[in-house]
Amino acid sequence: MSSESLRIVWIYPDLLSTYGDRGNALILARRARQRGMPVEVLEVRSDERLPATADIYLVGGGEDGPQALGAQRLLADGGLHRAVAQGSVVFGVCAGYQLLGTSFFAKGVQCRGLELLDLQSDRGESRAVGELAGEIDPRLGLPPLTGFENHGGRTHLGPEVSPLARITAGVGNDGATEGAWRGKLLGTYSHGPALARNPALADLLLRWATGAHQLPPLEDTWSDRLRNERRSAVAAARA
Amino acid sequence: MPLRAKVASSVSRTAAALSRAAGRGDGSVIGGWIGLKIDPDLLAHLSAGRAIALVSGTNGKTTTTRLTSAAVGVLGRVATNSFGANMPSGHTSALAKAGSTPYAVLEVDEHYLAQVLEATEPHVVALLNLSRDQLDRAKEVAMMAQLWRAALVRHTDVRVVANADDPLVVWAATPPGDPARGINPPHVTWFSAGQRWHDDSWVCPECGSTIQRSGEQWWCTGCPLRRPEPHWVVEDEGVLDPTGAWHKVSLQLPGKVNLGNAATALAVAAEFGVRPVDAVSRLGIVTSVAGRYAQVDKDGRNIRLLLAKNPASWLEAFDMADEAPTLLSINARDPDGLDTSWLYDVDFAPLRGRQVLITGDRAYDLAVRLDVNDVPFQHVRTFDDALRSVPPGRLEVIANYTAFQDIRGELDRVI
């Protein structure tokens, strides 16, 4: 960690907070505090400078206009690139995932992304809306991914990144894979919010940020019930 | 009315009566749907000769429509779609059922405002607010504002009554005129009803700059868009009218948000020439609206039903609810929106210290949310379990759309 407390930056809640994205910051902060880590959550609006010294950066979902504006401002700011160069963790969701790549489409126009992940997004033939599930890359050692997706884009991964998961329900990147990761950068189409549906993913980000190999387990009764219920719902929809 | 329209109107009324008699619904949609099949222009025919007000927005439109009907009722009979059937089939049903009336006040789903403006040629349109709602199928909020604005450009003769506190509404209500072609911008009367929810309007819809807020004021940091000076303002337990006269408003409906709805109703009625002093007492006769705010006594519990469909309306519901045991019920069926992520846009902290029960199809999503929010709760499977779990006295029920209808069903579809 970069200082006494774990610093979490929520990037541009004024632009990129369409799908309960605050939840990811809340879940991360709570799970860190429950392990006794002091936590500081900074909400950085799009008219503010991005601090380059935080441990975890969260980029959320948004409509086309705010997504394009958010990418422009992040490119102009440069703080996120400096943070990544210093080894910070970045977690992007939906529009926030797309804009970490090299390019994406917003309002029918191709926009330049941050080029932090080797991927590019274009428009799909139809909007992907519904439950999303997948088996996560075994190297990450996590239980299955669950979430809700709602996006018009399709994402094509380059050789520098690995898919986060193999799709078992929903569309994700392209109907076969979902999300991407490289080093300590990870992106997903999953809402729910993603870290509420997947607390093990939140713990992965915390481990990346702190360098801890293991974290003490937490009481996750309600998350477990939620995950089971969603898994059954997906299975029932398929049957 | 042309013969085809007469036939369509009559068939429409019959179908609605049949639907009610068969117990298939309250008949507020089916009749209009059939009528429109016979005569696609039926809504326009039924609108002709009436002075009409349309009420639209994300939240508060059913209640505001009801209050406005009460206020305009000072002048004569008012046709209205009082069951929240707010698409053209519902408007057609309502007008056909009411027969000939000098006035109509119609609640309009925000997606249909352009179409209904076209069909009904209203005298006045009230624009309440725009915020995120059912994002998996609804239009993006900024796009909704754009559609309203485009619709008003085509109807510059309509009088607009709009919320000065919502930047998206202000922008939508003030399309530029085109003096060269003799098009003036619409006449707008502004009301201030307060707005607790700000998270959909940090970015200026006109220029993309940041919107700043200080107290009740807001302004764009990059262009001239700013809060207009309101003509109608909620103050204490009443409403200030444009002349500066204050009217005490005694509502049976709870919460500051309903005082705002009352101010809107008085402003709309004033566009028809109703003096607020004549209308204000009529607002107090509205007790519940399609089950919203209804109170039912059962097993020694006084159950009050509050509908909260989206983050903005949850914030208002917490403001209305008493410090009493509270049942929260969440579903995610089609009419609710399938994505429950919005639960994290709502801060449930106001419920700390109350006995909180949760239920509904998606109670586990709510459980995880409340856990993170440090709000203790108890999960119950059924409404009866909830009743048994609370002491005699008030039980506040806050539920989203289909969860609300489920509980209304348990209470004999109270209206």
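Mentor: Two residues are in contact if their C-beta atoms, placed from the backbone, lie within 7 Å. The model is predicted: local features need pLDDT of at least 70, side-chain atom pairs count only at pLDDT 80 or more, and totals for chains, interfaces and linings use all residues. Residues are numbered from 1 along each chain as its sequence is written, and chains are lettered from A and ligands numbered from 1 in the order in which they are written.

Trainee: Leaving aside neighbours within four places in sequence, which residues is A:Tyr57 in contact with?

Mentor: A:Tyr57 is among the residues with the most contacts inside the largest nonpolar core. Beyond its neighbours within four places in sequence, its contacts are A:Val9, A:Ile11, A:Leu80, A:Ala83, A:Ser88, A:Val89 and A:Val90.

Trainee: Is B:Leu36 exposed, partly exposed or buried?

Mentor: A residue is buried if 20 or more other C-beta atoms lie within 10 Å of its own, exposed if 12 or fewer, and partly exposed in between. B:Leu36 lies in helix H2 (residues 30-38) of chain B, helices being DSSP runs of H or I with at least four residues, numbered from the N terminus. Because 19 other C-beta atoms are within 10 Å, B:Leu36 is partly exposed.

Trainee: Which helix gives the most to the side of chain B that touches chain A?

Mentor: In all, 23 residues of chain B are in contact with 31 residues of chain A. On the chain B side, the helix that gives the most, with 6 residues, is H12 (residues 363-372).

Methods. Helices (H or I, at least four residues) and strands (E, at least two) are DSSP runs, numbered from the N terminus. A nonpolar core is a set of buried Ala, Val, Leu, Ile, Met, Phe, Trp, Tyr and Cys residues joined through C-beta atoms within 7 Å.
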